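The sequence and the three-dimensional view come first, and the description follows.

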Amino acid sequence: MYAEIGHFALILALFVAVVQGVVPLAAGPMGNRRWMNIAGPASIAQFILIAAAFAALTHAFVTSDFSVLNVAKNSHTDKPLLYKVSGVWGNHEGSMLLWVLILATFGCAVQVFGRNLPSGLKNRTLAVQSLITVGFLMFILFTSNPFERLLDVPANGQSLNPLLQDPGLAFHPPFLYLGYVGFSIAYSFAIAALIEGRVDASWARWVRPWTLAAWIFLTVGIALGSWWAYYELGWGGWWFWDPVENASFMPWLAGTALLHSAIVVEKRDALKSWTIFLAIIAFGLSLLGTFLVRSGVLTSVHAFATDPERGVFILILLIIAIGGSFALYAVRGPSLVGGGLFKPVSREGALLFNNWILTTATGVVLLGTLYPLFIDVIDAGKVSVGAPFYNRVFIPIMTPLVILMALGPLMSWKRGDAKGILSRMYLVYGATLAAVILTFILKGEEGWGGYFGMGLATWLAVGTLWDVAERIKLGKTSFGQSLKRLARQPRATWGMTIAHLGLAITIAGMTGAGNWKVEKIQVMNFGDQIEVAGFTYTFEGVRDIRGPNYDALEGTFTVHKDGKLVTTLLAEKREYDTGGMPTTEAAIYPMFLGDLYAVVGDKSGDGYVTRLYWNPLIAWLWGGCGLLTLGGLVSLSDRRHRVGAPKRSALANKAIAEGAKA
Amino acid sequence: MKKKTRRLYIALVGLCALGAIAALVLAALEDDIVFFFSPTEVIEQGKVDLDRRIRIGGLVEAGSVEKAADGVTNIFVVTDMANTIPVHYKGLLPDLFREGQGVVAEGYFRNDVLVADEVLAKHDENYMPPEVADALKKSGKWEEGQPITEALKQGHVPDELKDK
């Protein structure tokens, strides 16, 4: 019953979406404001219908209604409630439903929070957003219906893939999708602006918070996925340059560029058509990512059951969305002339440099991701492009960006004083040098990567702090004055500072985890001791334990350092009742300077194969990602982002009216 | 400096940077990509370069999995039903590793053995890595849709779900 209501709601939503997508755009040139205004209420109706469909599917999962095929395939009565709910999006059909739900949520949010928006821009944005929904609703209804019934109802379901039964992964897809799909709003704003032929500071002010919100979600989503891979896959890695990871990383890079270029449009009325281009690219890459993940054209450790026919459908959507918007961009883009002129050495120049590097990096990741496909198509063999390629290319490309990040925020708009800044930042040089020397003393000759990475991280961290000191004139005026200045810094500046510090800490974490990891694999009998990076692991024994829906072998390790007990680690190997594969649950003890990490494997003779790791500075990686997110949130809370376009003067309204007539 | 000269300099610097990046990418594509071979391609066509990392893929031959004397190195045979290659891998095999199932191993080819440092199996037990499927198809031993995974062989999956 509920499944049918859900299915019906979805079909209704498609009709609403078609109306919302077509009518305002068709009414625009006719100048019919009342027809255009249909977009607002339609976006709310569309959201309610899709939310109802989503609720119906969730109901089927929570009540274990196995007459629904999707539930029978992906759920089981003995699963904990959390995983019954996360099972909704732990499969292809449900995850696509989540996709459109988020798409509709963002559209609805624009209607609800966008009261200050010029009505023409708002209606056109909602219409474009709705056209995307039409595509994906058709995709769901025609190729991936989550409400399909089974005539022959099984007694129980096949359960969710045990690897996915994990709190980190339960929330990874929603965040990732909120990020991916969030860029759709920037895209819709961009297309609407192209249709209107007008991009100005207030447009940028409107797009920035949405882009920022999407970027925050995507950052959290990527970090959660990486964290999950770290503790669940059991080999201590946290990033594999896997096609599916790249699929989420490319929109992140493009989105980061968009975030920065929108600042230039807002403050300086320059880089307009470039920003529009980036908005199209960021969402295009999100679509491409969805295509790559859903079609299975690329092998990936992350890909779960895929279907080429569905891939073709998404590919067509991708071609329409990207091809159509580029065609529009080609026609209208040249008319978007920027007003603000600037010298190469200036804040704008620095932000432009940031954009060049980020787009180059995006291009390189795209090339590496698609290269195997290309080689396969020309029948030159099968290849995989992995970490060695990216490490070699990505690090040299990103390094100049990180170096510039310490200078950029201090440059003035229009014309900056690089010499002056460089001559005053001796503190930053000193700290960087000290970090390199300290790394050399502590780590000895363990390769250049370590000195380089720690130097770079310190440069950025100290550089960012020094920027703050310069801003508040620390030492140049009384301390009280400096504090007052500090309190007066806008939230957006705070957000930038926190996010840049977060990146510095992330770089330090990557450097540590990438360069100084210690791994020991051996057979251990009970009572055996192994030393890993100064910590002595003792294998105390194993026992069988029972979880909610699995049996597990639990291995116990005690870890001592200098004769003192540090912690007891309990690593598990689980067999789920529903059969299928066993899963490895690594035991992790996080510390400030690194994680103790133990995995217990198969029985070998009298003992067990064990993997013991020292993963240095890995907590910095997650902490840095946390700061990036926090920086985004603080910036989002800036009043200037909340208050709508301030100059909604008669002039602007007149322009809209003219645009509507034109 | 005149405006024109400066523009010229900027354009030159930009071109140099682009050139450097292009060179970097091409060099990395030349050296750092890993070719995938089926056992047949390795054995009959001698396509292997000993200095390069390679990937091989196929099925884990039934009954071939054993532990070396050190207790840590896994030895198994990868087959495409026409030819076989022994693989040595030190470490814990992935959770999904099973006899009779698809696998991809990456490493260097030494003395007719692939010394692997990475063994990949997939998240989903009913999923065949495309390269493996391709290798099997080429050797003519398997066709799309033919049940191959343990789960399907044992009738673990209800009939009405099989074709989904």
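In what order do the five strands of the open sheet in chain A stand?

## Basis of the description

This is a predicted model, in which local features need pLDDT of at least 70 and side-chain atom pairs count only at pLDDT 80 or more, while totals for chains, interfaces and linings use all residues. Residues are numbered from 1 along each chain as its sequence is written, and chains are lettered from A and ligands numbered from 1 in the order in which they are written.

## The five-stranded sheet

The order is 3-4-5-6-7, and the pairing is antiparallel. Strands here are DSSP runs of E with at least two residues, helices are runs of H or I with at least four residues, and both are numbered from the N terminus. Two strands pair if DSSP finds at least two bridges between them. Strand 3 (529-532) and strand 7 (582-585) of chain A are the edge strands, each pairing on one side only.

Neighbouring strands of this sheet are turned by 25 degrees against each other on average, direction ignored. Strand 6 (residues 564-576) of chain A is joined to strand 7 of chain A by four bridges. A:Glu572 has A:Glu585 in strand 7 of chain A as its bridge partner.

## The four-stranded sheet

Another open sheet of chain A has four strands in the order 2-10-9-8, with antiparallel pairing. Strand 2 (518-524) and strand 8 (587-590) of chain A each have a single partner strand, so one side of each is left without a neighbour in the sheet.

Strand 9 (residues 594-604) and strand 10 (residues 607-616) of chain A run antiparallel and are joined by nine bridges. The bridge partner of A:Ala598 is A:Leu612 in strand 10 of chain A.

## Two helix pairs

Two packed helices are described by the angle between their axes and the distance between the axes. Axes are lines fitted to C-alpha atoms, for helices over the stretch in contact, and angles run from 0 to 180 degrees between N-to-C directions. For helix 16 (residues 426-443) and helix 17 (residues 448-471) of chain A, the axes come within 8 Å and cross at roughly 150 degrees. Helix 16 of chain A is therefore roughly antiparallel to helix 17 of chain A. The contact of these two helices has eleven nonpolar, six polar and one charged residues.

Helix 8 (residues 167-196) and helix 11 (residues 272-295) of chain A pack at an angle of about 140 degrees, with their axes 8 Å apart. Helix 8 and helix 11 of chain A are therefore oblique to each other. Angles under 35 degrees count as roughly parallel, over 145 as roughly antiparallel, 65 to 115 as roughly perpendicular and the rest as oblique. The contact of helix 8 with helix 11 of chain A has 14 nonpolar, four polar and no charged residues. In these classes Ala, Val, Leu, Ile, Met, Phe, Trp, Tyr, Cys and Pro count as nonpolar, Asp, Glu, Lys and Arg as charged, and the others, Gly among them, as polar.

## Domains

Chain A is divided into domain 1 (1-165), domain 2 (169-408), domain 3 (425-516 + 619-629) and domain 4 (518-616), with bounds from an automatic or database domain assignment. The C-alpha centres of domain 1 and domain 2 of chain A lie 24 Å apart.
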